[in-house]
Amino acid sequence: MTPTKRIAAAAAFFCVASASALADGETAPGRDPKQPVDNAYTEKIHKYTTQPYFTSPLVDYLPASKTVPTPQVVLGDVSGAPAILPYAEDVYKYMRLLEKATPRVKVFSIGKTEEGREMIAVAVSSEENIKNLEENRARLSKLADPRIIKLDDAEADKLVAQAVPIYYITGTIHSPETGAPTALMELAYRLAVDESPYIKEIRDGTITLITPVVEVDGRDRMVDIYKWHLSHPKEFFPWLVYWGKYVAHDNNRDAMGVTLKLTENVLNTYVDWKAQVMHDLHESVPYLYDNTVGDEPYNAWIDPILADEWQIIGWNNVSAMTKFGMPGVFAHGDFDTWSPGYLMFIAAMHNGISRLYETFGNGGADTEERTLQPEEYARTWYRQNPPLPKVLWSQRDNNNYEETGLLTSLHFFNENKRMFLKNFYLKAKRSTMKPTAEGPAAYVLPADDPRSGLQTELLQVLQRQAVDISRAKSAFTVTLPATKSKDSGKGKDKMDKDEKAEPPAPTTREFPAGSYVVRMDQPYSRIADALLDHQYWSPDDPQKTPYDDTGWTFGELFHVQVTRVTDTKVLDVPMDRVEAIRASGGVKGDGTVFAINNNAEPALATLRYRLKDAAMEAAEESFESAGKKFNRGSFVLRNVNRADLDRAASDLGVQVTALSATPSVKTHPVRAARIAFVHTWLSTQTEGWWRLALDKLGIPYDYMSTQAIEKIPDLNAKYDVILFPPVGYNAGVNTVVNGIPTAWGNPLPWKNTPETPNLVGKNDSTNDMRPGLGWEGVARLQEFVQGGGVLLTATDTSSLALSLGFADGISVQNANKMKIVGSVVGTRLVDDASPIAYGYDEKGAAYCDNGPIFSLSSIAGQRGRRRLGPEMHARPTGRGSMDDPDFTVGRTGVEAPEEPKSETWESPPVIDEQKRNGFRVIPPAIRPRVIFRYADGKDLLISGLVEGGDEIAQHPAVVDAPAGKGHVVLFSINPVYRGETWGTYSMVLNTILNFDSLNADRKDTAEAK
Ligand SMILES: [Zn+2]
């Protein structure tokens, strides 16, 4: 066949599925008859598309251009061709070739990743639009911030009529989801060269902005792995254990804390361009699921206009692709839109439209048979043309779906751009009017918060979110609404009391000058409100499987005071907008002894490591000096160069007081412990957040895998503390100790080879990822603890340490009905003398995701009794009443001895019977010491979902278990998580700094006989 004939045949072949009749005024999707076609490329598209219905008239040909190169020049084949995955660098190379070849494309560098790789954004539009980007930005800026035009709707209408909207597409944030880069290369080409009316309309009316690779570090690793697979076709290939430097899949949960470079770079791009849409591409569902429509509950802080826009665009997508005859396109499913942590939510929280596709990927570029589960191919009300049970699926099929979905979206968006631009303005206006609409008027962070460093960290999160922060020039007072009692309405007694009591009255609160005010009369009030407010997910919600965390209240998790103020008078307080926010620090006063108050601020640990040769001590009691009160755990420094200390303290925002004399208080040394940080080869996701936190704080550690432990003959000689953060992946004895089976299959290397030059980066390497900690490794860890080391574990590694017998007197209970899905829960300080508690308040908050539930026992090898709330001490059946005891006929009555009582978090007292020949009774001095516990049932929920919380209420949350000469410190909460839990970081840091004084002030009295 001649090329022309082949195309004609192919066109006929592909036409079967497409609709040809058009509604009035509708632009035909597909090739214009006059449009020249790149025949060779088009033929390849057909060849790699596995079924005629896996494509559309929009992508079943490639327009030809005499001047603009196709993706083939870089890829060596067409987009979506088998066995081809480009590195980010190749994708950029192509985008820059486009930029050179046509004035319709411009490439922008938008920042670097943690490992120094570049991120880009590619603008594609008409030559005129590209030329006028700045002018257009000025118009969009006024719509984005209606304060500039004084909320003048008529002025906004003029701008809406003139502005060119921006549709921002982001690809491959999830590295094993590999299709987006090639789809986006081809999409950019099509948008730049195709002269069909359908594409021309998009090009002339809208600016398409593309970041083809979001997780650049992970992309390069993924391409490495795929190349390794291609050169070892018969072998199993290593899984992608590292994506970015720190986290894997969670890189799409960072849009609250903005701790990763990729989030920051994309957020800045979105906000700087004043884009209307952000559309993030994923691949985990057959064949195209627009999960922005998703399911309930929707995030409580989004504008209903946005919820409506999701439906409008999403269902139009389904409609358009249904008409093309493409199966498996749908817009409703199991994704709830509650958490604002997803990358796309940057748009939702900044008055744009967030969108997300899940298309179908093969995790590489192999063409493979794929078999679906019944629930995946079921026909449902929202999926009338479902996916097929079994298909041959190619990367090209995936690219066809991605491009077709995007092109129909772009076209529909462009057709309705005046509405969407107007909505963009309206959402910004409604955000700005929040104080007088739904409220609140502001959030206030008081100038006298003792945790000024943590306050600064929180304010900096808001600033990264482009939120304006102001500072009050004088003291001010606001009225706070009356708070309803928690118990009101519950129980008859309470009701009686409430009837008599006065109704609760509003109160006032005074804030000192210098307090920070987050005004809600600003366009980005929405994100500030969503982060600072409280969340409530009802246990009765019809949605039983939250997709992600249900609570995140930043003030609570940072242990910083945040007051929600509805009183609009707060906006009249004289205040200045602040640019850079820094906690003030440095040395004040006269003297050669220095004291630093301890409020559990992480900067103290940074200071300890920065001045690593200085002698620092911790006061074991609170004390007063130089007219100031210092909390227990405050640092006392002697023989330190004042200038050095002042420099470091100023830099870190730590306030130091010079004292004329050493305070008379018992102290112990605070040391810069030598830290080993252990990861598995199963998953590095959850520990990655711990690494990120330590790196940010400048706390050094040796990073090693579980495999490395057995090779270190004397761990105690090298390390003081071993951190074993959560694994987050089925971290049982079998997986962590035994690893992945090695009895069959080939070794799975994670190291740099000719095929995998980017694998290692700045992380770790191994010849075979399969072996685990091993029993030798377990023995080494045991020796380390017995020999005086401190092992710190959290959530699943705590359960692991207990099942390996590292600590006695603690057991883990299974939950029956408890459901705490990534929530903020209340904690209580139990033992304020423990160095782990230094600087903490009696009441606190922590992140909890279903425990584990710890129970204590003083009997070695015994499981703690499972207890729900207070014990029932009922008398046996007999005569009398509850309090009036039984008799025995014919015998003088005998009173039963008082049963010893204990609290839920304590181990039950050792009873007389257990003391008889009590060789299993753990001596008091080496019993586990509970430092923090979970709050009582009624106070457990702070934010999120807590169902059946009584199972964990009052149980230990942080326990220090002596073992041999050392300690195992076990966390049930996760103290270091997604850059959101700064308030609990110091529980870990205190353990590190006081590793050799953890027994300070132990109360080992009670029944110590
Ligand atoms: Zn994904």
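Tutor: Start with one term: contact means heavy atoms within 4.5 Å. On that basis, and not counting residues up to four places away in sequence, Leu-143 touches Ala-156, Leu-159, Val-160, Ala-163, Leu-421, Phe-424, Tyr-425 and Ala-428. This is a predicted model: local features need pLDDT of at least 70, side-chain atom pairs count only at pLDDT 80 or more, and totals for chains, interfaces and linings use all residues. Residues are numbered from 1 along each chain as its sequence is written, and side-chain values use heavy atoms, with hydrogens and water left out.

Leu-143 belongs to the largest nonpolar core, which has 237 residues. Leu-143 and Val-958 have the most contacts inside it. The largest share of this core, 9 residues, comes from H8. A second, separate core of 36 residues includes Ala-676, Val-737, Leu-773 and Phe-854. A nonpolar core is a set of buried Ala, Val, Leu, Ile, Met, Phe, Trp, Tyr and Cys residues joined through side-chain atoms within 4.5 Å. Buried means under 20% relative accessible area, exposed over 50%, and partly exposed in between (1.4 Å probe, protein chains only).

Now take a whole element. Helices (H or I, at least four residues) and strands (E, at least two) are DSSP runs, numbered from the N terminus. Helix H19 covers residues 525–532. Because 8 of its 8 residues are buried, H19 is largely enclosed by the rest of the structure.

Next, the metal. The zinc ion has these protein donors: His-174 (ND1), Glu-177 (OE), Glu-177 (OE) and His-282 (ND1), at 2.1 to 2.5 Å. Donors are N, O and S atoms within 2.8 Å of the metal (3.2 Å for Na, K and Ca); water is not among the atoms, so sites may look incomplete. The sequence spacing of the donor residues is H-x2-E-x104-H. His-174 sits in the loop between strand S3 (166–170) and helix H8 (180–193), and His-282 sits in strand S5 (residues 277–283), so the pair ties together parts 108 residues apart in sequence. Both ends are covered: His-174 is buried at 2% relative accessible area, and His-282 is buried at 1%.

The geometry is irregular, because the 4 donor atoms subtend angles of 55 to 151 degrees. Four donors count as tetrahedral if all angles lie between 85 and 135 degrees; four count as square planar and six as octahedral if opposite donors are over 155 degrees apart and all others between 65 and 115; anything else is irregular.

Pro-286 and Tyr-287 are joined by a cis peptide bond, with omega about -20 degrees. Tyr-287 lies in the loop between S5 and strand S6 (288–290). Tyr-287 also belongs to a cluster linked by ring pairs, with Tyr-53, Phe-54, Phe-360, Trp-393 and Tyr-401. Rings of Phe, Tyr and Trp (its six-membered ring) pair if their centres lie within 6.5 Å; planes under 30 degrees apart count as stacked, over 60 as edge-to-face and the rest as tilted.

The whole structure holds 37 aromatic pairs. In one of them, Phe-330 and Tyr-382 have ring centres 6.1 Å apart and planes at 40 degrees, so the pair is tilted. Phe-330 is buried at 3%. Tyr-382 is buried too, at 18%. Trp-381 and Tyr-382 have centres 5.2 Å apart and planes at 80 degrees, so that pair is edge-to-face. Trp-381 itself is exposed, at 61%.

Finish with a buried polar side chain. Asn-974 lies in the loop between strand S41 (966–971) and helix H31 (982–993), and is buried at 5% relative accessibility. Its side chain makes a polar contact with the side chain of Trp-690 at 3.3 Å. A polar contact is a pair of N or O atoms within 3.5 Å; within protein, one must be able to donate a hydrogen and the other to accept it, and residues adjacent in sequence count only if both atoms are side-chain atoms. The Asn-974 side chain also reaches the backbone nitrogen of Val-976, at 3.2 Å. Leaving aside neighbours within four places in sequence, the contacts of Asn-974 include Thr-795 and Tyr-847. Thr-795 is buried at 17% and has a positive phi of about 45 degrees, although it is not a glycine.
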